[in-house]
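Subject: Structure for your review

Dear colleague,

Please find below the structure that I am handing over to you.

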Amino acid sequence: MSNIAKAFEKGKAFIAFITCGDPDPETTASAVRAAADNGADLIELGIPFSDPTAEGPVIQGANLRALSGGVTTDKIFAFVRELRSTVNVPMVFMTYANVVFSYGAERFISACRDIEIDGLILPDLPFEEKDEFLPICRRYGVDLISLIAPTSENRIAMIAKEAEGFLYIVSSLGVTGMRSEIKTDLASIVKVVRQNTNIPCAIGFGISTPEQAKKFANVSDGVIVGSAIIKLLEKYGRQAPEYVGEYVKAMKEALK
Amino acid sequence: MTNPNGRFGIHGGQYIPETLMNAVIELEEAYNHYKNDPEFNRELTELFNEYAGRPSRLYYAEKMSGELGGAKIYLKREDLNHTGAHKINNVLGQALLAKKMGKTRLIAETGAGQHGVAAATAAALMDMECVVFMGEEDTVRQALNVYRMRLLGAEVVSVKTGTATLKDAVSEAMREWTSRISDTHYCLGSVMGPHPFPTIVRDFQSVISKEIREQIIEKEGRLPDAVIACVGGGSNAIGSFYHFIGDKNVRLIGCEAAGRGIDTFETAATIATGRLGIFHGMKSYFCQDEYGQIAPVYSISAGLDYPGVGPEHAYLHDIGRAEYVPVTDEEAVNAFEYLARTEGIIPAIESAHAVAHAIRLAPQMKREQIIVITISGRGDKDCAAIARYRGEDIHE
């Protein structure tokens with residue numbers, strides 16, 4: 001069984017996204033510990049990319065700050081390896097296909113296994129292209145996470161049937177970022193998912209408040225929050241981990 | 001040349017967010033239907049001929065040929081098209097297709113502004129809404145084209161992210177498309193991005209080589225020895241090459257923007273300096289660092305200032321069917337001035353990269369040999385920037 005399943009064993013999961021190296025690896029490590037200590041069930045670690053086409057302005061900003069700070073894939077592997085000695089919750093990497101491809105898929109994915117990264121989310125790798133990395137991910141026991149979007153419609157069953165780890169359901173059209181209202185009929189999407197797979201599904205994109213978290217966790221197995229956490233890092237910099245901890249605690253509370 | 005999965009050898013593919021997958025599938029299905037539809041083709045041919053002014057001339061540059069003292073040089077005058085560049089060929093095709101698909105809104109990226117102007121033009125003609133994404137730096141370099149787009153009724157969005165040039169305009173247009181798909185067609189301007197764009201854009205631009213072939217046979221009774229075109233994403237080049245790919249004796253030469261030189265960091269010569277990667281929906285060659293971060297590229301030409309190249313060019317390079325050569329800013333500016341003085345034709349600074357290579361190549365060839373250079377656009381838009389390059393401060 002995938003280690004990721006553990007994140008969904010104790011009720012609705014809260015998944016926190018943090019960009020590595022924003023503003024520096026030490027702050028990322030503290031923020032990850034704060035999130036895990038306050039109830040985050042799974043941590044999604046972003047490896048920054050120069051041109052993150054699926055991100056809104058908030059996470060674009062985090063990518064830029066991290067790269068300007070000099071973080072690289074190798075530096076991220078080094079600090080995650082260290083972080084693993086104190087953080088036990090499942091962790092996945094979120095990045096773009098070129099970061100993996102350019103590093104060498106086998107080299108990248110075998111490094112994931114070595115540092116106990118449980119999965120990989122690549123927003124620019126749809127179902128049709130997943131064979132680029134899937135055989136290697138399977139060989140090293142790293143789950144390649146599939147995404148389902150509001151426009152997936154006739155594709156949902158096909159994607160769900162072959163999904164691994166958990167399914168990432170994109171709540172809305174467009175890029176990442178906080179939204180005051182999410183209109184997609186997510187319950188119907190989840191229904192089709194449930195008919196085709198037993199793996200858990202979590203909803204992300206646009207979720208920032210405890211009310212939204214509660215609402216979307218009710219129709220799924222958990223929620224993913226990125227931009228709202230990144231906003232705290234943007235605002236408080238090296239002092240952010242404390243605020244991240246408080247925020248995660250409030251969000252997790254809403255899911256109980 | 002495309003296989004069913006949108007691959008050119010190992011290049012191409014569909015590396016895009018799931019949100020866009022049904023949109024590109026819908027586009028592919030619509031294109032496969034309409035490309036064989038006689039009514040669609042009749043309408044498109046009429047737009048090409050009556051609106052864009054096709055066929056464009058194949059002009060014998062007699063003075064230039066004589067001065068260089070080698071091959072006979074012909075210029076394929078895409079600069080004479082309506083809106084002043086080859087971009088209109090693709091845009092009329094895509095706008096007509098989008099209209100048939102029931103879309104009411106076009107979005108587009110632009111570098112030099114020629115594709116944006118063409119998209120705004122087609123949108124005006126076909127009663128569609130139009131939003132053009134343009135890097136902030138390019139809106140300054142090409143202020144006149146920004147005004148032209150607005151005059152044509154388009155909204156121009158100045159993109160401030162990243163290097164604020166063409167690649168960022170593409171990223172922003174893709175982001176916009178993921179947020180509004182049902183009424184919007186992304187009118188991509190080059191032979192790049194996810195399948196089916198590289199194929200669709202190539203097909204609409206292939207009218208260039210179809211005409212060159214007919215015209216050169218009429219004028220010379222034979223095929224040319226070399227076809228030369230500039231390459232950013234590579235749409236005018238693939239359009240110029242396409243109907244000659246099967247003719248092994250016709251050299252196909254793409255000219256990349258070397259900027260300040262391929263041994264400097266200020267270059268946009270992808271095939272000379274890039275390596276295999278995945279970006280903007282495709283696998284191809286990209287200028288990038290060792291960790292796959294896309295490099296900030298540079299060229300005097302806003303239209304060639306792109307860190308990647310279309311997947312079919314990457315494939316033609318791999319199999320050795322086409323050659324790709326770097327041309328510096330300085331060589332391009334010299335060629336820009338040379339063509340103006342010698343033939344009375346001011347080429348776009350993009351096209352001047354192709355002229356520059358012809359100036360190098362022609363003297364090494366025999367008098368009975370033939371070179372065709374595609375003049376992809378006209379150079380009015382570049383005059384102020386070239387004047388500045390020469391230290392002359394003029395205001396547009």
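Predicted model: local features only at pLDDT ≥ 70, side-chain atom pairs only at ≥ 80, totals over all residues.

Chain A

Chain A contains eleven helices and eight strands. Its radius of gyration is 17 Å, close to the 18 Å that the globule rule gives for 256 residues, so chain A is as compact as a globular protein of that length. The C-alpha trace of chain A spans about 45 × 40 × 30 Å along its principal axes. Of the 256 residues in chain A, 60% are buried. When contacts in chain A between residues at least 6 apart in sequence are considered, 74% of them join residues at least 24 apart.

Contact between the chains

In the contact between the two chains, 32 residues of chain A meet 27 residues of chain B. On the chain A side, α2 (57–68), α4 (97–103) and β5 (143–148) each supply at least two residues. The element that gives the most to this side of chain A is α4(A), with six residues. By residue class, the side of chain A that touches chain B divides into 16 nonpolar, ten polar and six charged residues.

Domains of chain B

The domain assignment of chain B gives domain 1 (8–48 + 87–201) and domain 2 (55–84 + 206–389). The C-alpha centres of these two domains of chain B lie 22 Å apart. Their contact takes 39 residues from domain 1 of chain B and 36 residues from domain 2 of chain B. On the domain 1 side, the elements of chain B that give two or more residues are β2 (11–15), α4 (87–100), α5 (114–125), α6, α7 (143–151), α8 and α9 (197–205). Of the elements on that side, β2(B) gives the most, with five residues. The residues on the side of domain 1 of chain B that touches domain 2 of chain B divide into 17 nonpolar, 18 polar and four charged.

An open sheet in chain B

Four strands of chain B form an open sheet in the order β1-β2-β12-β11, with antiparallel pairing. The edge strands are β1 (7–8) and β11 (275–279) of chain B, each of which pairs on one side only. In general, the strands of a sheet pair through backbone hydrogen bonds, either parallel or antiparallel. Here, β11(B) and β12(B), the latter made of residues 281–286, pair in the antiparallel sense over five bridges. Within β12(B), Lys283(B) is the bridge partner of Ile278(B).

His280(B) is found in the loop between β11 and β12 of chain B. Its phi is near 50°, a positive value in a residue other than glycine. His280(B) has 28 other C-beta atoms within 10 Å; the cut-off for a buried residue is 20 or more, so His280(B) is buried.

Helix α8 of chain B

Helix α8(B) runs over residues 166–179. At 1.5 Å a residue, its 14 residues should span 20 Å, and the end C-alpha atoms are 20 Å apart, which agrees. This helix is mostly covered, with twelve of its 14 residues buried. Among the buried residues of α8(B) are Leu166(B), Val170(B), Met174(B) and Trp177(B), together with Asp168(B), Glu172(B) and Arg175(B). What covers the buried residues of α8(B) includes α1 (18–34), β5 (105–110), β6 (129–135), α6 (136–141), β7 (155–159) and β8 (184–186) of chain B.

Ala164(B) lies in the loop between β7 and α8 of chain B. Although Ala164(B) is not a glycine, it has a positive phi of about 55°.

Cis peptide bonds in chain B

A cis peptide bond joins Arg54(B) and Pro55(B), with omega at about -10°. Pro55(B) is placed in the loop between α2 (38–52) and β3 (58–60) of chain B. The peptide bond from His195(B) to Pro196(B) is also cis, and its omega is near 10°. Pro196(B) is placed in the loop between β8 and α9 of chain B.

With kind regards

Conventions
Residues numbered from 1 in each chain as written. Chains lettered and ligands numbered in written order. Rg over C-alpha atoms; globule rule 2.2 N^0.38 Å. Contact = placed C-beta atoms within 7 Å. Pairing = 2+ DSSP bridges. Nonpolar A, V, L, I, M, F, W, Y, C, P; charged D, E, K, R; others polar. Expected span 1.5 Å × (residues − 1). Domains from an automatic or database assignment.
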